[in-house]
Structure formats: C-alpha cells, structure tokens
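Hi,

Here is the structure I promised to pass on to you. Have a look at it first, and my notes on what turned up follow below.

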Amino acid sequence: MALDIRTIFFMLGLATLAAAVSLFLAQRVRLAVHGIECWAWGMACAACSGFLLAQRGALSPLLTVVAANSVLLLGLSLFWLGMRRFVGRSCSPSWIFAAPAIALPFLATRYLDDSDPAGRISFLSIIVALLLFLTASELLRHGERGRLGRRWVALLLILHGLFFCVRAILSATGTPLSDPFGSGRLAMMTGLEGFLFILFFTLGLVIMTSETLQAELNRQATRDPLTDVYNRRAFHDLSAHELARAQRSGRALALLLIDLDHFKQLNDRHGHHVGDLALKHFVARVAPCLRHQDIFARYGGEEFVVLLPDTEVTTALVVAERIRAAVAGHPLETSRGPVTITVSIGVATTLPTSPDITATINSADAALYRAKAEGRNRAVSG
Ligand SMILES: Nc1nc2c(ncn2[C@@H]2O[C@H](COP(=O)(O)OP(=O)(O)OP(=O)(O)O)[C@@H](O)[C@H]2O)c(=O)[nH]1
C-alpha cells in the first residue's frame, strides 16, 4: 500500500486536533486536573504543526520549516509545562519559549533552504527528544509516581524520545533511508510513529486524568475540607478495620477525644475566619505528635478524634499530654497578636475481647466532660 507523506502528516494533524479538542472540552467542565489547559494548547500547536508540515513543497519554507517546527517545539514545551503543573510543581510560563527561541535562528537561516536536510532533522530531533525526556522525568520523579496511567504516559514519552534519538543518529550518519522506498522514508516513518504515538498517548492521558480524578473524589469523600484530616465517615470506616485487627491480635486500642477550649469565645472575639485558622493551626500542631498508623479525624465542629492502634492507656495519656502541650505552647499568630489555644482531651481504650467503637467514644466523651469540668487544658482518662 502506497502512503503519501503529506496525507500522513495531515492525518497526524487531524488526530492531534481531535486530542486537543477533547482536552479543551475536559478543561471546560472544570476537571480538577492541573495542567490540562497546557496539554490542550500543546496539542493544538502540534496539530498546527502537522497541517503545516503536510504543505511541504506547496507553501513557503517559512511556513513549512520555520513556523511548523517552532510551533511544534512550542507545543511540546506547553506539554512539559502542563506535566509540571500536573505533578504540582510551579514554573514561569515564559520557559515554554526557550526551545523555540533556540531553534528559530537556525531554522530561519541555516536550515531554511533544503541544502542540509539531514542537519535539520538531527538538530530538531535532538531538541524534540530532550523535551520529551524532560516531560517524562516530571512524571517519574514528582507527585504520586506509582499509578498505572502515569507510568504508561512516561513510557510512551520515553519511547517517542528514543525514536527521535534514532532519527537524529540515522540522519547524521547519512544512513541511506531513501532507498529503496523513495525519498521520504524517514519522514514517512516519523509521520506513522507520530500517528501511533498520538493515539496511545491520548489514551494514556485519559487513564492518567481519570486516576487523578478518582483520587480527588476519594480525597473529598474521606477528608475534612477545612483541615484535610479524615472526616467522621472515614474515621468510622478506618476504625472498623482497626477494631477487627485489635480483636485478632488481642492488643489494646486507645482513643483520644479532643475538644478546643472556649472556641465559641474565640470565634466571637476574633471572628469566624480566625476560628478556622485556629482549627488548621491545631491540626498542624497535633500531626507531628502522631505515628503513621494513628488515625486522626475531625469528629464534628471543634471536636477531633485520634485512634491509636496497639496502645495502652498509660501510653495514650502520654500522647494526649504531648498534644496538649504542643497546642498550648504554640499560640496562633493573628493580626491582633498571638492567641493561645488550649484543648481538653478524654482518653479511653477498647476492650480487646469485645472492641466497640461507640462504647469507646462514649467512654472518651465522659472523660472529656471531666477534663472540661476540672478546668480545661488537660487530659483525663475514662
Ligand atoms: N470558626 C469555626 N467555628 C466552628 C466550626 N465548627 C464549629 N464551630 C464553632 O465552635 C463553637 C463551639 O462552641 P461550644 O460547643 O459552645 O464550645 P466551646 O465554646 O469550645 O466551649 P467548651 O467546649 O466548653 O470549652 C461554636 O461557636 C461553633 O459555631 C468551624 O468549622 N469553624
């Protein structure tokens, strides 16, 4: 089957345009995926480049060489920027002009006419490969790296980059790719490889974004939006798991019920906004006092709960005292000066033989009530 090189590049442009449109639509429905708008613009640039490359010989080299390749490099740079944002890293958008700015003078002078096509192919292939490797490294080195979609996209970027490395070497060493299939064999391979890349890459982006959305939905369903600790529902799910484990192992499970003291007064005196800041400040003070396996959740309002697996009451009281001291010892800085926050803590443990979370919470609540009655800013066990 004979394939016309222009048709291949035109088809590549169309496929890339379809991917760009999908990304623009995804962006319009406000998917909580950072960087998606950069990918959309990156795809749009790559599509323009494909259409311009398809006009090689029919239009001026200013368009089919200089503009087509500069726009392609801009598109790849936008993709790199999008990937950086996707993994949660920031960067000045002006960096997207670096690669086109490096290539433009060479394209406009040395490689404008067709006197050194091999040099032009090698030169551009190396820049493209570097941009692709850079983009893959963002995915492999930052953010949540273990996900399937990310690894798939990173692998495709690396393979695509390796293809361009081979292309650069073949072109530089003058390997006779023109024979016996006519003058455009290398270009033909580039077009076909690009076409396959776009298909699988778009699929990878879909998987990657759905994984991110799934994780975000999961986070929203299990986390308190203000403080980002677990919410009450997640606490009950996780504690059920821990209770079952405690029953199997016969080891104690401790629970701390923590309530911020005179919080209504703080709200009334300093405003709700400072009240919110106080809750975040409290969480930031408590988190370093806990182990990885401890479950920390907002139980409601200004009440928090901590489940401590494999912990006896004496140790739980030590942890509670550490939390109390960490909160009281670090006042919240406000525009009107430091505000001291204190907490009262009720401590209880489950019975290893018949663990029951409701009974343990009730027991901790009774202890908390006593801590409040005895003057607040203290930990009391039930
Ligand atoms: N700023 C802010 N306030 C909240 C939030 N959730 C609950 N509150 C407030 O927390 C206050 C709790 O007040 P109370 O239950 O009377 O308890 P308290 O003032 O801390 O008194 P004691 O617990 O007896 O020390 C109420 O004024 C609620 O409006 C929140 O997310 N942000």
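**What I found**

The lining of the second largest pocket is made up of five nonpolar, four polar and six charged residues. For these classes, Ala, Val, Leu, Ile, Met, Phe, Trp, Tyr, Cys and Pro count as nonpolar, Asp, Glu, Lys and Arg as charged, and the others, Gly among them, as polar. Please keep in mind that this is a predicted model: local features need pLDDT of at least 70 and side-chain atom pairs count only at pLDDT 80 or more, while totals for chains, interfaces and linings use all residues. Residues are numbered from 1 along each chain as its sequence is written, and side-chain values use heavy atoms, with hydrogens and water left out.

Back to that pocket: its volume is about 320 Å³. A pocket here is an open set of points on a 1 Å grid over the protein atoms alone, where a 1.4 Å probe fits and protein lies on both sides within 12 Å along at least five of seven lines; lining residues have an atom within 4 Å of a point. The volume is the space filled by probe spheres set on the points, which are joined across faces, edges and corners. Of the 15 lining residues, Phe-86, Glu-144, Arg-147, Thr-212 and Glu-216 are the closest to the centre. Helices (H or I, at least four residues) and strands (E, at least two) are DSSP runs, numbered from the N terminus.

Now the ligand. Of the 16 residues around the ligand, His-262, Phe-263, Asn-267, Asp-276 and Arg-298 come nearest; a residue counts if one of its heavy atoms lies within 4 Å. The shell has three nonpolar, five polar and eight charged residues, and α10 gives the most to it, with four residues.

- Arg-298 places a polar side-chain atom 2.6 Å from an oxygen atom of the ligand.
- Lys-372 has a side-chain N or O atom 2.9 Å from an oxygen atom of the ligand.
- His-272 has a backbone N or O atom 3.2 Å from a nitrogen atom of the ligand.

On its own the ligand has 670 Å² of accessible area, and the protein covers 67% of this (Shrake-Rupley method, 1.4 Å probe).

Happy to talk it through!

Best wishes

How values were computed
A polar contact is a pair of N or O atoms within 3.5 Å; within protein, one must be able to donate a hydrogen and the other to accept it, and residues adjacent in sequence count only if both atoms are side-chain atoms.
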